[in-house]
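Hi everyone, thanks for coming.

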Amino acid sequence: MNSMNLNLPWAALSLERDPLELFQVLSVGSTLFYLLTVGGLASLCAFLWFLAGGFRKVFALKGFARLAVLLLLALSVPILLLDIASIVALFRPLFLPADAVISANAPLVARPGWADFPLAFSGLAAILLVSAPFVANIPRLSPRRILAIANLSFKEAIRKRVLYAFTGLLLIVLFGSWFIPSKPTDELRTYVSVVFYAMTVVLILVGALLAASGLPADIRTQSLFLIVTKPVERVEILLGRLIGTMALMTLVLVVLTSAGLMYIIRGVSPDAAEESLKARLPLFGFLEFKNTSSAAKGDNVGREWEYRGYISGPTQSATGIVSPEASWVYPTVPSVLATRDKVQAEFTFDIYRTTKGFENRGVGIGLVITTRNHDAEAMRRAREKDPSLSPEQIASDHGYFQPAGSVTFFDYATGSVDIPGALFANALKGDPKLPALTVRVTCKESTQYVGMARYDFYFRQDDARAGAQPVRFAVNFFLASFALWLRLLLVISVTLVLSTELSTVISLLMGMVLMMLAHVQEFVRELVEGKSAGGGPLENIKRLIDNSVAAKPLEDTALNTLIQQSDKVVREVLGALARFLPEVDRLSYYPEYVGNGFAIGGADLACNAILTIFYILPWLLLGFYLLRWREVAGPT
Amino acid sequence: MSNVKVVETRKLTKIFLDFWGRKKKTALRALDIHVDEGEIFGLLGPNGSGKTTTIKLLLGLLYPSEGEAFVLGKPTTDVKKNEYIGYLPEESYLYRFLNAEETLDFYGRLFDIEPRVRRKRAAELIERVGLERDKKRQLREYSKGMRQRIGLAQALINNPKLVILDEPTSGLDPLGAYWMKDLIRSLRNEGKTVIMCSHRLEDVQDICDRIAILHEGDLQAYGKVSTLLQDADRLELRASNIRLSDALKRDLEAVVKAHGGTLDAFGHPTTTLEDYFLKVVAESKARPGRRFLADDTAVQSR
């Protein structure tokens, strides 16, 4: 039986980062991290305001309000002290020996300790304190006024014809893949990436421009005078502008997504459509390792990006030959898989070679799938009794499957195996406390390592033989578009808030720089951790001036020591600032799913939506205060 | 006019600071005034005297450095006071990509007015300011006078108790200025309070009940126009149905001298140029096609 397919180039999704799950985002650790970060910032702002004259307003309050504010201020003191200590700590490298090792930018609550809870409570108090005026404002907000301003922003962008030039440009770029030759196997990937790349660049630029220009233009032309002299809460202006700009960009996004989708569905060749125009629905298990240095992470082969754990081939140990193993455990399996004749399993592994391999020859692996009802001894007896038992019968009766022949795979190429549906029927039976299914992978070659992560192996929940599925593909395409919408929301909100105080150009530049930094977080992290080539920023500037290569150590002079010590401070500051960068990188990955024909996980997208909203909230609060404190008119 | 104080300022001071918080300019110093319900109050002063700053402080566009101000009994920082205020700025800061109807609808929505009431009021105001024929044109196509009219309409969309007008007749032709003054008077007749600041002193004199004169941020004069302008050292005599003659002059000199005064001048009074201009335009409208030649003879050309 030929159940093995290799090098399936149509689908080569290789996740470099785990998709998010709701329990992670809503976990205690994430909540503590949020409260400590945002609360820390809030307490610092609250106390600065208090010292700058806010105390007069606090003492002018009466009764419960004054008591509540004073209580929240007192509760915010611990997190304020932590803030101060953190700020002071940024400069500690200056007072440490030059060769002292500093663990830069360790996440504050990687593993929450008991001390974090009172601090997080203090952070919560600080957040409540700074949000109280905003919350008190909410009953006074009028949807009619907010929508009036939103409608105005919408009309303004349409009638000022800001969009037209950009949309024209975008339409040309959208069809750019006509001019980019691609192999049939890459066709859909190329189409999807061109469409999304063009939409992302142009829409984010237009959205940021619209958000950055509205309020400063109103202030410059003094049109804002007429709005703020009406019974309009300042935050209504901010919300109205945000809703208006987002409504317009949503409309544009829907139109462009529909145009792009039609273009792809009509333009893609029948072969590519048959293979890629779908949305695979993977069923993931939980990965664990056996006979490796770590049960959770396998062996470490020294790759900088520690996403995958590795297993080696059989090794000799004191107790005999040991075969390291990676197991995917499936606590349950959906019953729909049991009704199928065949269920496709797909996998993409990494090879870490310790000896030179052969051209066009992959690495051999062992693949065994067992259910909770599997009894090896009973199966052995049955096989002895009837050697002609088919794999389907063994799967059905004994909960066991092993592909016929040798299984080899190539580096980062997706392989697939057809599994009898009967195996899943067997897995549905038995003790529900035991895991329904376990997939065991071993490396057959002793001099090679195979790297794998949780999402590198999955069963196809959708029907792998269904051919083109344009509707599922279209839904997936729109989900990726929703991720772009979240990015637009992020950029527009941040730029809009900046524009309440800064000019159009400065707001736009700052918004774009923030997004760029967020996109190169990996690099920022490397810089913070001191892993970047040529040292920190100051050292690199020195190297540029001296024209010296990055690999050469700096000479041991007083100036160079000062530069390197100062770089450590810069890294500490960068590390602190990096905590405030949004996670846009995750949002940019969805077109990869679509292009490779994988369904976008609803939970992953929901997590990103939650993260985006919680990132925006403090920004909107900042915008509320900036507009509230701002004198709209100037001296003339 | 009643004794209800619509606006009251107490030691109202505005100091502008630079980026570093250093004092840049004192725009207004300890202003103490009040405006009564139903009056037209004028703020006068040369450029930089603090009149626009006062208006911006009353509207909440600026925040007081010291002192306080109340509008309709509420602090100027209270947004709720704006429900009863109509404001026409010096320049028309309206959105030029909207037409007249959309403009009034937009500002009406900011007052949270019901759609039906909003539409009715907008239609009435468009008619009142004479823009019915142009209500569908975008404001970018409007002349200065038309923009001032729609600006006034937006200031009245909420049927305000207090109307604040910054240079309402600035940039208007005499007909427009006359129309504006007439409308301001009608607002007073409807019981509204009006505060206006203007450089055109004749306009202020024409329509204001009381004024305040500011100079370099200080209040210099404050009171009823008629009282402030009264010259107690001089006497004005007006008579009708009488012609100038030497005998009359001699008699008048004798009477004035007998009471210890001196006759400075006497003659026929002159009207204001504005009145004369309005009379000419009115006559021209009454007789279309009539024009004057250089020798001051009228001809009917059409």
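Helices (H or I, at least four residues) and strands (E, at least two) are DSSP runs, numbered from the N terminus. Two strands pair if DSSP finds at least two bridges between them. This is a predicted model, where local features need pLDDT of at least 70 and side-chain atom pairs count only at pLDDT 80 or more, while totals for chains, interfaces and linings use all residues. Residues are numbered from 1 along each chain as written, chains are lettered from A and ligands numbered from 1 in the order written, and side-chain values use heavy atoms, leaving out hydrogens and water.

Let's start with chain B. Six of its strands make an open, mixed sheet, in the order β7-β8-β9-β4-β10-β11. Which strands sit at the edges? They are β7 (85-88) and β11 (218-224) of chain B, each pairing on one side only. In chain B, β7 runs parallel to β8 (residues 162-166), with four bridges between them. Within that pair, Ile85(B) is opposite Leu162(B) of β8(B).

Now over to chain A and helix α4, residues 77-89. Buried means under 20% relative accessible area, exposed over 50%, and partly exposed in between, using a 1.4 Å probe and protein chains only. Ile79(A), Leu80(A) and Asp83(A) of α4(A) are buried. On the face turned away from that buried side, you'll find Leu81(A) and Val88(A), both exposed.
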